[in-house]
Amino acid sequence: MHFYRPLGEIRAITFDLDDTLYDNRPVIARTERESTLFLQRYHPALKNLDTDHFQRIRAELRQREPDIYHDVSQWRWRAVELTLRDRGLDAGAARAGADAFMESFARWRSDIDVPDATHRTLSALAERWPLVAITNGNASPAACGLGGYFKFVLRAGPDGRAKPFRDMYHVAAQKLAVPPHSILHVGDDLTADITGAVCSGLQACWVNDRGGDFFQAPDARLLPHIEISQLASLTALL
């Protein structure tokens, strides 16, 4: 554990999910692969659909509606619906197809192998502090066995703009009835989690489990309070 700033009182801890509590890279790769297969099998007009075509539609949608990225589930649903319309399905069929797609997507997205060390760490921390999840993504903590550790989960879109915007950090403080400076936010992303948390008045812990160098990182802006190389190091705060 490396300290960059003095660590103040901690009355609650908030956590990012993806790549902080588990390795999200294989989850996303498998989910994208299975999602493409779902669309190809869903309707004959989609049997030759490739990932690049779908990603182009997503990119075009964000270009037209820049703020849609704050809600990644809605963004994906809209992109699928547009893809189905583009392939000749009528409005009703396209909406039904997008709903079916998202149901399948959600199952794969939350089929996550959470390390035992994460369970042990969260269990220990939850005995002392209220824990909250703050995510820009759409994985379900309940579906992957993490739900029991958190008082509540905040998601970009329904609960405010995506990190690093301050919305969800401030909602967390309000719901916890704890001042932001008494909350420690834990995350792997130097922009969304560290800069976002510090700018919102929280303390910040950078999970640097891939051997990065803060002072060489292109997205490093504001110093975290602490840096750890593995999540279990947080138990040293108990």
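Guide: Angles under 35 degrees count as roughly parallel, those over 145 as roughly antiparallel, those from 65 to 115 as roughly perpendicular, and the rest as oblique. The structure above is a predicted model, in which local features need pLDDT of at least 70 and side-chain atom pairs count only at pLDDT 80 or more, while totals for chains, interfaces and linings use all residues. Residues are numbered from 1 along each chain as its sequence is written, and side-chain values use heavy atoms, with hydrogens and water left out.

Visitor: Why are α3 and α4 called oblique to each other?

Guide: Helices (H or I, at least four residues) and strands (E, at least two) are DSSP runs, numbered from the N terminus. Axes are lines fitted to C-alpha atoms, for helices over the stretch in contact, and angles run from 0 to 180 degrees between N-to-C directions. Helix α3 (residues 72-86) and helix α4 (residues 91-109) pack at about 135 degrees, their axes being 8 Å apart. The pair is therefore oblique.

Visitor: Which residues of α3 and α4 meet, and what makes a contact?

Guide: A contact means heavy atoms within 4.5 Å. On the α3 side the residues include Trp-77, Val-80 and Leu-84, which meet α4 residues including Ala-94, Phe-101 and Phe-105.

Visitor: What is the handedness of the crossing of α3 and α4?

Guide: A crossing is left-handed if the near helix is turned anticlockwise from the far one by less than a right angle, and right-handed if clockwise. The crossing of α3 and α4 is right-handed. The crossing of α2 and α3 is right-handed too. Helix α2 (residues 51-64) packs on α3 at about 115 degrees, with the axes 9 Å apart. Among the residues making this contact are Phe-54, Ile-57 and Leu-61 of α2 and Trp-75, Ala-79 and Leu-82 of α3.

Visitor: Why is Ser-110 called buried?

Guide: Ser-110 has a relative accessible area of 7%, and therefore counts as buried. Ser-110 is found in the loop between α4 and α5 (116-126), and its contacts beyond four places in sequence are Asn-138, Ala-139, Ser-140, Ala-143 and Cys-144.

Visitor: What makes Asp-167 partly exposed?

Guide: The relative accessibility of Asp-167 is 23%, so Asp-167 counts as partly exposed. Asp-167 lies in helix α6 (residues 167-176). Apart from neighbours within four places in sequence, Asp-167 contacts Asp-159, Gly-160 and Arg-161.

Visitor: How many disulfides are there, and how do you know?

Guide: A disulfide is a pair of cysteine sulfur atoms within 2.5 Å. By this rule the count is zero. Cys-199 is in no disulfide, since the nearest cysteine sulfur, in Cys-205, is 17 Å away. For Cys-205, the closest cysteine sulfur, in Cys-199, is likewise at 17 Å, too far for a bond. Cys-199 is partly exposed at 36% relative accessible area, whereas Cys-205 is buried at 0%.

Visitor: Which strands are called the edge strands, and why?

Guide: Two strands pair if DSSP finds at least two bridges between them. Seven strands form an open sheet with mixed pairing, in the order β1-β7-β6-β5-β2-β3-β4. The edge strands are β1 (2-3) and β4 (152-155), each pairing on one side only.

Visitor: How do you know which strands β2 pairs with?

Guide: Four bridges join β2 to strand β5 (residues 183-187), the two running parallel. Three bridges join β2 to strand β3 (residues 131-135), again in the parallel sense. Phe-15 has Val-186 as its bridge partner in β5 and Ala-133 as its partner in β3, while Ile-13 stands opposite Leu-184 in β5.

Visitor: Which way do the residues of β2 point?

Guide: In a regular strand the side chains alternate between the two faces of the sheet. From strand β2 (residues 12-15), Ala-12 and Thr-14 point one way and Ile-13 and Phe-15 the other, and all are buried.

Technical notes. Buried < 20%, exposed > 50% of the residue type's maximum accessible area, 1.4 Å probe, protein only.
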